[in-house]
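Work through the exercises below with the sequence and the structure in view. Each task is followed by its solution.

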Amino acid sequence: MALFGRKKRNPDPDLDLLDDELEGEEAVVRPEPAEGEPGVDRDWERSGDGPYDISEWPALDGRIDLGALRVPAVTGMQLRIDVEQDTGRLVGTTLGFGASQVQLQVFAAPRTMGLWDELRPDIARGLVEAGGAAETVQGLLGKELRARMPGKAPDGRVAFQPARFLGVDGPRWFLRIVVNGPAAADDKQLAIILSVIRKVVVKRGDDPRPPREVLELVAPPDVLEAAAKQAQARKEQAARQAAAAVQRQAPSLSKPDATGVAGISTGAPAARPPEPVALPTDAPKPPSNPEFT
């Protein structure tokens, strides 16, 4: 038995929890993970290998606190909060690993049973109805869906992109994991990403919730500030592009004597530039599935 420790054969200083960090708190003791790589050398076991419940890993340990999800802070990883456009709710997060992306969403689940076995056929059916394909296979975290999702290529033709859907059933919660990009087709890249996902911690809360209800996230202040700066930069870029388009279409308006050429009185007030248009969120849309709209 160990206090959130890792075997010395595979030390992880970012996640090791020292005794003095638990001073004044109740120490939570759980079995130390078995030998070998989960899903490779042995079967994956959620409670010992992660993703974890808050009761199993209460310490933050350098993770980014998003409320219902606590995500490891990894060098080079990009994090984006996914916003539901109609309601403004924070319904998930997308993590970027180079050219690959992983979307995480957590849902309420029944106390006595999980959701993944029930939802997998629904997701597969939705993919097929949208013109794609899906196959259930045994993956590193149990059963997963390997999918081909239809889209449009730059030349307008239909192009299929690989995707993987993974599900993790926890205590009264369900974590949905969608992988896009090269890692969806490359097992080695996927294994590296899943080693990060297994360190995620879910904080469901004690409030009664109907099964399949999405658990909203809470963006930390620094993430909100960064998002606001990015949004402002996009607005300014859009305004610059609009101004450049006007100059290209009517070059005479950019000359010093533009008022005379255009027949505009010099006493008239200057025309106000167009207000920047707020761009929609760039959060990826969830796959076509009635259970996750």
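**Exercise 1.** How many of the eight residues of strand 5 (residues 90–97) are buried?

Solution. This is a predicted model, in which local features need pLDDT of at least 70 and side-chain atom pairs count only at pLDDT 80 or more, while totals for chains, interfaces and linings use all residues. Residues are numbered from 1 along each chain as its sequence is written, and side-chain values use heavy atoms, with hydrogens and water left out.

Step 1: Strands (E, at least two residues) and helices (H or I, at least four) are DSSP runs, numbered from the N terminus. Buried means under 20% relative accessible area, with a 1.4 Å probe and protein chains only.

Step 2: apply them. Eight of the eight residues of strand 5 are buried, so strand 5 is largely enclosed by the rest of the structure.

**Exercise 2.** Why does the span of helix 2 (residues 116–129) agree with its number of residues? Then state what covers its buried residues.

Solution. Step 1: the expected span of a helix is 1.5 Å times one less than its number of residues.

Step 1: for the 14 residues of helix 2 this should give 20 Å, and the end C-alpha atoms are 20 Å apart, which agrees.

Step 2: the buried residues of helix 2 include Trp116, Leu119 and Ile123. Among the elements that cover them are strand 7 (133–139) and strand 9 (158–170), where contact means heavy atoms within 4.5 Å.

**Exercise 3.** Which residues joined by a peptide bond have an omega of about 0 degrees?

Solution. Step 1: most peptide bonds are trans.

Step 1: Gly50 and Pro51 are joined by a cis peptide bond. Pro51 sits in the loop between helix 1 (46–49) and strand 1.

Technical notes: Buried means under 20% relative accessible area, exposed over 50%, partly exposed in between (1.4 Å probe, protein chains only).
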